[in-house]
Amino acid sequence: MTFLQIILLSSLFTIIFIILHFAILYLFSFTKTIQTVLPFILSNLICIYLTRDLVIKELFYSSFIINLTILIVYVEFLLLMKKGFTLSIITSFKKKKKLSYNELVKNYADGRGAKWILLNRLGGLSKLKIIKLNKKIKLNTLGSFLSILLIFLRKVFAIKDFG
Amino acid sequence: MLYILLIFIFLVINLLLSNFLKTYTYEKFFIYIVVYFVLINLVNLAYIKNINLFTYQALFSVSILFLYSGLYRSISVKIMIHLYLKKASINVDNFYKNEFKKNSFDKRVKILVDNGFLKKKNKHLILSQRGKKYLKIFNIAQQMYKIKFSG
(Lines give C-alpha, C1' and ligand atoms only; values in the text may rest on other atoms or scores of the structure.)
Protein backbone atom coordinates (compact mmCIF):
# COMPACT_ATOMS: atom_id res chain seq x y z
CA MET A 1 0.00 0.00 0.00
CA THR A 2 2.82 2.41 0.96
CA PHE A 3 4.59 1.49 -2.26
CA LEU A 4 1.50 2.37 -4.32
CA GLN A 5 1.07 5.67 -2.48
CA ILE A 6 4.67 6.64 -3.27
CA ILE A 7 4.18 5.68 -6.92
CA LEU A 8 0.98 7.76 -6.95
CA LEU A 9 2.78 10.80 -5.49
CA SER A 10 5.68 10.44 -7.95
CA SER A 11 3.26 10.01 -10.86
CA LEU A 12 1.56 13.25 -9.85
CA PHE A 13 5.01 14.89 -9.68
CA THR A 14 5.94 13.55 -13.15
CA ILE A 15 2.78 14.94 -14.77
CA ILE A 16 3.20 18.39 -13.17
CA PHE A 17 6.97 18.39 -13.90
CA ILE A 18 6.58 17.61 -17.62
CA ILE A 19 3.74 20.15 -18.06
CA LEU A 20 5.80 22.85 -16.32
CA HIS A 21 8.92 21.97 -18.32
CA PHE A 22 7.06 22.37 -21.61
CA ALA A 23 5.35 25.55 -20.38
CA ILE A 24 8.73 27.09 -19.48
CA LEU A 25 10.31 25.81 -22.71
CA TYR A 26 7.65 27.43 -24.90
CA LEU A 27 6.83 30.56 -22.89
CA PHE A 28 10.18 31.71 -21.54
CA SER A 29 13.76 31.79 -22.79
CA PHE A 30 15.64 30.58 -19.70
CA THR A 31 18.91 28.67 -19.82
CA LYS A 32 18.70 24.87 -20.20
CA THR A 33 19.57 24.31 -16.51
CA ILE A 34 16.85 26.65 -15.23
CA GLN A 35 14.37 25.12 -17.72
CA THR A 36 14.82 21.80 -15.92
CA VAL A 37 15.62 22.72 -12.31
CA LEU A 38 12.80 25.26 -11.90
CA PRO A 39 10.00 22.83 -12.89
CA PHE A 40 11.58 20.20 -10.59
CA ILE A 41 11.46 22.53 -7.56
CA LEU A 42 8.00 23.88 -8.43
CA SER A 43 6.42 20.47 -9.02
CA ASN A 44 7.80 19.16 -5.70
CA LEU A 45 6.37 22.21 -3.92
CA ILE A 46 3.01 21.73 -5.67
CA CYS A 47 2.99 18.06 -4.58
CA ILE A 48 3.68 19.07 -0.96
CA TYR A 49 0.90 21.68 -1.15
CA LEU A 50 -1.64 19.31 -2.70
CA THR A 51 -1.01 16.60 -0.09
CA ARG A 52 -0.66 18.91 2.94
CA ASP A 53 -3.87 17.63 4.63
CA LEU A 54 -3.48 13.97 3.69
CA VAL A 55 -1.69 11.10 5.46
CA ILE A 56 0.25 10.52 2.22
CA LYS A 57 2.41 13.64 2.94
CA GLU A 58 4.46 11.56 5.39
CA LEU A 59 5.71 9.59 2.41
CA PHE A 60 7.03 12.65 0.69
CA TYR A 61 10.68 11.93 1.56
CA SER A 62 10.54 8.54 -0.18
CA SER A 63 8.63 10.06 -3.08
CA PHE A 64 11.26 12.82 -3.37
CA ILE A 65 14.01 10.23 -3.90
CA ILE A 66 11.92 8.68 -6.69
CA ASN A 67 11.32 12.19 -8.11
CA LEU A 68 15.08 12.75 -8.12
CA THR A 69 15.49 9.47 -10.01
CA ILE A 70 12.86 10.63 -12.53
CA LEU A 71 14.74 13.93 -12.94
CA ILE A 72 18.01 12.08 -13.70
CA VAL A 73 16.28 9.91 -16.33
CA TYR A 74 14.57 12.96 -17.87
CA VAL A 75 17.80 15.01 -18.01
CA GLU A 76 19.64 12.05 -19.56
CA PHE A 77 16.88 11.74 -22.17
CA LEU A 78 17.21 15.46 -23.01
CA LEU A 79 21.01 15.17 -23.19
CA LEU A 80 20.67 12.18 -25.50
CA MET A 81 18.40 14.18 -27.81
CA LYS A 82 20.78 17.15 -27.80
CA LYS A 83 24.21 15.55 -27.60
CA GLY A 84 23.77 11.92 -28.66
CA PHE A 85 26.73 11.00 -30.86
CA THR A 86 25.23 7.84 -32.35
CA LEU A 87 21.78 9.41 -32.60
CA SER A 88 23.28 12.23 -34.64
CA ILE A 89 24.61 9.73 -37.18
CA ILE A 90 21.01 8.55 -37.74
CA THR A 91 19.67 12.12 -37.98
CA SER A 92 22.32 12.86 -40.64
CA PHE A 93 20.00 10.93 -42.99
CA LYS A 94 17.22 13.54 -42.58
CA LYS A 95 17.98 15.43 -45.79
CA LYS A 96 19.65 12.72 -47.89
CA LYS A 97 18.43 9.14 -47.84
CA LYS A 98 21.66 7.66 -49.23
CA LEU A 99 25.15 8.70 -48.11
CA SER A 100 28.62 7.47 -48.90
CA TYR A 101 30.98 7.20 -45.92
CA ASN A 102 32.68 10.51 -46.82
CA GLU A 103 29.31 12.22 -47.26
CA LEU A 104 28.25 10.94 -43.85
CA VAL A 105 31.41 12.40 -42.29
CA LYS A 106 30.61 15.76 -43.97
CA ASN A 107 26.84 15.72 -43.24
CA TYR A 108 27.21 14.78 -39.58
CA ALA A 109 25.37 17.07 -37.11
CA ASP A 110 23.30 18.97 -39.67
CA GLY A 111 26.24 19.51 -42.04
CA ARG A 112 28.79 20.54 -39.41
CA GLY A 113 30.89 17.43 -40.03
CA ALA A 114 32.44 14.80 -37.79
CA LYS A 115 35.39 17.03 -36.85
CA TRP A 116 32.95 19.57 -35.39
CA ILE A 117 31.88 17.20 -32.61
CA LEU A 118 35.52 16.69 -31.57
CA LEU A 119 36.18 20.46 -31.59
CA ASN A 120 32.90 21.01 -29.70
CA ARG A 121 33.90 18.60 -26.93
CA LEU A 122 37.45 20.01 -26.82
CA GLY A 123 35.96 23.50 -26.53
CA GLY A 124 33.85 22.32 -23.61
CA LEU A 125 36.86 20.78 -21.85
CA SER A 126 38.89 23.94 -22.48
CA LYS A 127 36.12 26.14 -20.99
CA LEU A 128 36.16 23.99 -17.85
CA LYS A 129 39.97 24.49 -17.67
CA ILE A 130 40.54 20.75 -18.06
CA ILE A 131 42.72 21.08 -21.17
CA LYS A 132 44.86 23.72 -22.88
CA LEU A 133 43.67 24.05 -26.46
CA ASN A 134 45.63 25.64 -29.31
CA LYS A 135 46.60 23.62 -32.36
CA LYS A 136 47.74 21.09 -29.79
CA ILE A 137 45.84 19.77 -26.80
CA LYS A 138 47.30 19.19 -23.35
CA LEU A 139 45.80 18.31 -19.98
CA ASN A 140 45.91 20.93 -17.20
CA THR A 141 46.50 19.94 -13.57
CA LEU A 142 42.73 19.69 -13.02
CA GLY A 143 42.48 17.57 -16.16
CA SER A 144 45.20 15.19 -14.95
CA PHE A 145 43.48 14.82 -11.58
CA LEU A 146 40.09 14.16 -13.21
CA SER A 147 41.65 11.68 -15.64
CA ILE A 148 43.12 9.69 -12.73
CA LEU A 149 39.68 9.72 -11.10
CA LEU A 150 38.04 8.54 -14.34
CA ILE A 151 40.61 5.75 -14.79
CA PHE A 152 39.98 4.71 -11.17
CA LEU A 153 36.18 4.68 -11.69
CA ARG A 154 36.59 2.65 -14.90
CA LYS A 155 38.64 0.13 -12.89
CA VAL A 156 35.98 0.03 -10.13
CA PHE A 157 33.30 -0.70 -12.73
CA ALA A 158 35.61 -3.15 -14.55
CA ILE A 159 35.30 -1.26 -17.85
CA LYS A 160 37.96 -2.55 -20.21
CA ASP A 161 36.98 -0.97 -23.53
CA PHE A 162 35.37 2.17 -24.95
CA GLY A 163 31.96 1.96 -26.61
CA MET B 1 25.41 -0.29 6.78
CA LEU B 2 23.03 -2.33 4.63
CA TYR B 3 23.26 0.26 1.82
CA ILE B 4 27.09 0.16 1.81
CA LEU B 5 27.03 -3.64 1.83
CA LEU B 6 24.68 -3.62 -1.16
CA ILE B 7 27.00 -1.30 -3.12
CA PHE B 8 29.89 -3.64 -2.33
CA ILE B 9 27.89 -6.73 -3.44
CA PHE B 10 26.86 -4.91 -6.63
CA LEU B 11 30.48 -4.09 -7.51
CA VAL B 12 31.77 -7.59 -6.71
CA ILE B 13 29.11 -9.25 -8.93
CA ASN B 14 29.90 -6.72 -11.67
CA LEU B 15 33.62 -7.55 -11.44
CA LEU B 16 32.88 -11.29 -11.60
CA LEU B 17 30.60 -10.82 -14.61
CA SER B 18 33.21 -8.75 -16.47
CA ASN B 19 35.77 -11.52 -15.88
CA PHE B 20 33.51 -14.45 -16.75
CA LEU B 21 31.85 -12.97 -19.84
CA LYS B 22 33.97 -12.75 -22.98
CA THR B 23 32.81 -9.25 -23.90
CA TYR B 24 31.16 -7.13 -21.25
CA THR B 25 29.33 -4.42 -23.18
CA TYR B 26 27.03 -1.62 -22.04
CA GLU B 27 24.00 -3.70 -23.08
CA LYS B 28 25.10 -6.54 -20.77
CA PHE B 29 25.67 -4.07 -17.93
CA PHE B 30 22.17 -2.68 -18.54
CA ILE B 31 20.67 -6.18 -18.24
CA TYR B 32 22.71 -6.74 -15.06
CA ILE B 33 21.40 -3.50 -13.49
CA VAL B 34 17.77 -4.43 -14.30
CA VAL B 35 18.16 -7.99 -12.92
CA TYR B 36 19.96 -6.65 -9.81
CA PHE B 37 17.23 -4.05 -9.17
CA VAL B 38 14.41 -6.61 -9.55
CA LEU B 39 16.11 -9.23 -7.34
CA ILE B 40 17.03 -6.80 -4.57
CA ASN B 41 13.47 -5.51 -4.47
CA LEU B 42 12.02 -9.02 -4.43
CA VAL B 43 14.19 -9.81 -1.40
CA ASN B 44 13.16 -6.48 0.12
CA LEU B 45 9.48 -7.22 -0.49
CA ALA B 46 9.70 -10.73 0.97
CA TYR B 47 12.01 -10.25 3.97
CA ILE B 48 13.27 -6.72 4.70
CA LYS B 49 10.07 -4.73 3.89
CA ASN B 50 11.84 -1.36 3.89
CA ILE B 51 10.37 1.25 1.55
CA ASN B 52 13.45 3.47 1.83
CA LEU B 53 15.58 0.63 0.51
CA PHE B 54 13.38 0.50 -2.60
CA THR B 55 13.69 4.26 -3.25
CA TYR B 56 17.43 4.20 -2.53
CA GLN B 57 17.92 1.27 -4.93
CA ALA B 58 15.97 3.11 -7.66
CA LEU B 59 18.19 6.19 -7.31
CA PHE B 60 21.36 4.08 -7.05
CA SER B 61 20.55 1.93 -10.10
CA VAL B 62 19.69 4.88 -12.35
CA SER B 63 22.72 6.93 -11.21
CA ILE B 64 25.10 4.00 -11.70
CA LEU B 65 23.62 3.22 -15.12
CA PHE B 66 24.26 6.74 -16.38
CA LEU B 67 27.66 7.01 -14.70
CA TYR B 68 28.68 3.76 -16.40
CA SER B 69 27.28 5.05 -19.71
CA GLY B 70 29.46 8.17 -19.42
CA LEU B 71 32.59 6.24 -18.46
CA TYR B 72 32.03 3.73 -21.26
CA ARG B 73 30.89 5.97 -24.12
CA SER B 74 31.64 9.64 -23.48
CA ILE B 75 33.92 11.28 -26.04
CA SER B 76 35.20 13.79 -23.47
CA VAL B 77 36.18 10.96 -21.10
CA LYS B 78 37.91 9.18 -23.96
CA ILE B 79 39.88 12.33 -24.90
CA MET B 80 40.95 12.96 -21.29
CA ILE B 81 42.12 9.40 -20.66
CA HIS B 82 43.93 9.32 -24.01
CA LEU B 83 45.74 12.56 -23.19
CA TYR B 84 46.64 11.35 -19.69
CA LEU B 85 48.07 8.04 -20.95
CA LYS B 86 50.07 9.78 -23.73
CA LYS B 87 51.64 12.17 -21.16
CA ALA B 88 52.29 14.75 -23.90
CA SER B 89 50.47 17.36 -25.96
CA ILE B 90 48.73 16.07 -29.07
CA ASN B 91 48.03 17.72 -32.41
CA VAL B 92 44.26 18.19 -32.90
CA ASP B 93 44.28 17.19 -36.59
CA ASN B 94 46.34 14.06 -35.93
CA PHE B 95 44.11 13.13 -33.03
CA TYR B 96 41.04 13.53 -35.27
CA LYS B 97 42.46 11.41 -38.09
CA ASN B 98 44.21 8.67 -36.13
CA GLU B 99 42.14 8.39 -32.97
CA PHE B 100 38.73 10.01 -33.13
CA LYS B 101 37.60 9.07 -36.64
CA LYS B 102 38.86 5.50 -36.43
CA ASN B 103 38.03 4.62 -32.83
CA SER B 104 34.92 6.72 -32.26
CA PHE B 105 33.13 7.70 -35.45
CA ASP B 106 33.81 4.54 -37.48
CA LYS B 107 33.09 2.39 -34.43
CA ARG B 108 29.65 4.00 -33.95
CA VAL B 109 28.83 3.57 -37.66
CA LYS B 110 29.82 -0.10 -37.37
CA ILE B 111 27.62 -0.52 -34.26
CA LEU B 112 24.67 1.00 -36.18
CA VAL B 113 25.28 -1.38 -39.10
CA ASP B 114 25.67 -4.40 -36.78
CA ASN B 115 22.48 -3.51 -34.86
CA GLY B 116 20.47 -3.15 -38.06
CA PHE B 117 19.94 0.63 -38.06
CA LEU B 118 22.07 1.21 -41.16
CA LYS B 119 22.54 -0.90 -44.29
CA LYS B 120 25.42 -0.91 -46.75
CA LYS B 121 24.35 -0.69 -50.40
CA ASN B 122 26.87 -0.22 -53.23
CA LYS B 123 29.45 1.71 -51.17
CA HIS B 124 26.62 3.82 -49.72
CA LEU B 125 24.94 3.77 -46.35
CA ILE B 126 21.15 3.88 -46.06
CA LEU B 127 18.75 3.65 -43.13
CA SER B 128 17.06 0.30 -42.62
CA GLN B 129 13.33 0.12 -41.79
CA ARG B 130 14.32 0.07 -38.12
CA GLY B 131 16.56 3.10 -38.63
CA LYS B 132 13.77 5.00 -40.44
CA LYS B 133 11.35 4.25 -37.59
CA TYR B 134 13.84 5.60 -35.02
CA LEU B 135 14.59 8.66 -37.19
CA LYS B 136 10.86 9.51 -37.19
CA ILE B 137 10.70 9.17 -33.38
CA PHE B 138 13.86 11.31 -32.93
CA ASN B 139 12.48 13.97 -35.29
CA ILE B 140 9.23 14.24 -33.33
CA ALA B 141 11.06 14.34 -29.97
CA GLN B 142 13.57 16.94 -31.20
CA GLN B 143 10.79 19.15 -32.59
CA MET B 144 8.88 18.89 -29.29
CA TYR B 145 11.94 19.95 -27.31
CA LYS B 146 12.94 22.63 -29.86
CA ILE B 147 16.25 20.89 -30.60
CA LYS B 148 17.51 21.94 -34.03
CA PHE B 149 20.26 19.32 -34.36
CA SER B 150 22.12 16.82 -32.22
CA GLY B 151 25.80 16.10 -31.81
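This is a predicted model: local features need pLDDT of at least 70, side-chain atom pairs count only at pLDDT 80 or more; totals for chains, interfaces and linings use all residues.
Trainee: How many bridges join S1(A) to S3(B)?

Mentor: The antiparallel pairing of S1(A) with strand S3 (residues 124-127) of chain B runs over three bridges. To find the place in the model, look for A:Ser100, which stands opposite B:His124 in S3(B).

Trainee: And how many bridges join S2(B) to S3(B)?

Mentor: There are four bridges between S2(B) and S3(B), and these strands run antiparallel. Here B:Leu118 stands opposite B:Leu127 in S3(B).

Trainee: Now the two chains as a whole. How many residues of chain A are in contact with chain B?

Mentor: The size of an interface is often given as the accessible area lost when the parts come together. Here the description is by residues: 65 of chain A are in contact with 61 of chain B. On the side of chain A that touches chain B, the elements giving two or more residues include helix H1 (2-27), helix H6 (114-127), strand S3 (136-139) and helix H7 (141-156) of chain A. The largest share, 12 residues, comes from H3(A).

Trainee: How do the residues on that side of chain A divide into nonpolar, polar and charged?

Mentor: The side of chain A that touches chain B has 39 nonpolar, 13 polar and 13 charged residues.

Trainee: At what angle do H6(A) and H4 of chain B pack?

Mentor: A helix pair is read from the angle and the distance between the axes. H6(A) packs against helix H4 (residues 75-86) of chain B at about 70 degrees, and the axes are 10 Å apart. H6(A) is therefore roughly perpendicular to H4(B).

Trainee: Which residues of H6(A) and H4(B) meet?

Mentor: From H6(A) come A:Ile117, A:Arg121, A:Leu122, A:Gly124 and A:Leu125, and they meet B:Ile75, B:Ser76 and B:Ile79 in H4(B). By class, this contact has five nonpolar, two polar and one charged residues.

Trainee: What pattern does chain A follow along the sequence?

Mentor: Chain A has seven helices and three strands, in the pattern α-α-α-α-β-α-α-β-β-α. Its radius of gyration is 21 Å, well over the 15 Å that the globule rule gives for 163 residues, so chain A is more spread out than a compact globule. The C-alpha trace of chain A spans about 60 × 40 × 30 Å along its principal axes. Of its 163 residues, 27% count as buried.

Trainee: And how do the elements of chain B run from the N terminus on?

Mentor: Six helices and three strands make up the elements of chain B, and they run α-α-α-α-β-α-β-β-α. The radius of gyration of chain B is 20 Å, well over the 15 Å from the globule rule for 151 residues, so chain B too is more spread out than a compact globule. Buried residues are 23% of the 151 in chain B.

Key: Residues are numbered from 1 along each chain as its sequence is written. Chains are lettered from A and ligands numbered from 1 in the order in which they are written. Two residues are in contact if their C-beta atoms, placed from the backbone, lie within 7 Å. Ala, Val, Leu, Ile, Met, Phe, Trp, Tyr, Cys and Pro count as nonpolar, Asp, Glu, Lys and Arg as charged, and the others, Gly among them, as polar. Two strands pair if DSSP finds at least two bridges between them. Axes are lines fitted to C-alpha atoms, for helices over the stretch in contact, and angles run from 0 to 180 degrees between N-to-C directions. Angles under 35 degrees count as roughly parallel, over 145 as roughly antiparallel, 65 to 115 as roughly perpendicular and the rest as oblique. The radius of gyration is taken over C-alpha atoms; the globule rule is 2.2 Å times the number of residues to the power 0.38. A residue is buried if 20 or more other C-beta atoms lie within 10 Å of its own, exposed if 12 or fewer, and partly exposed in between; C-beta atoms are placed from the backbone.
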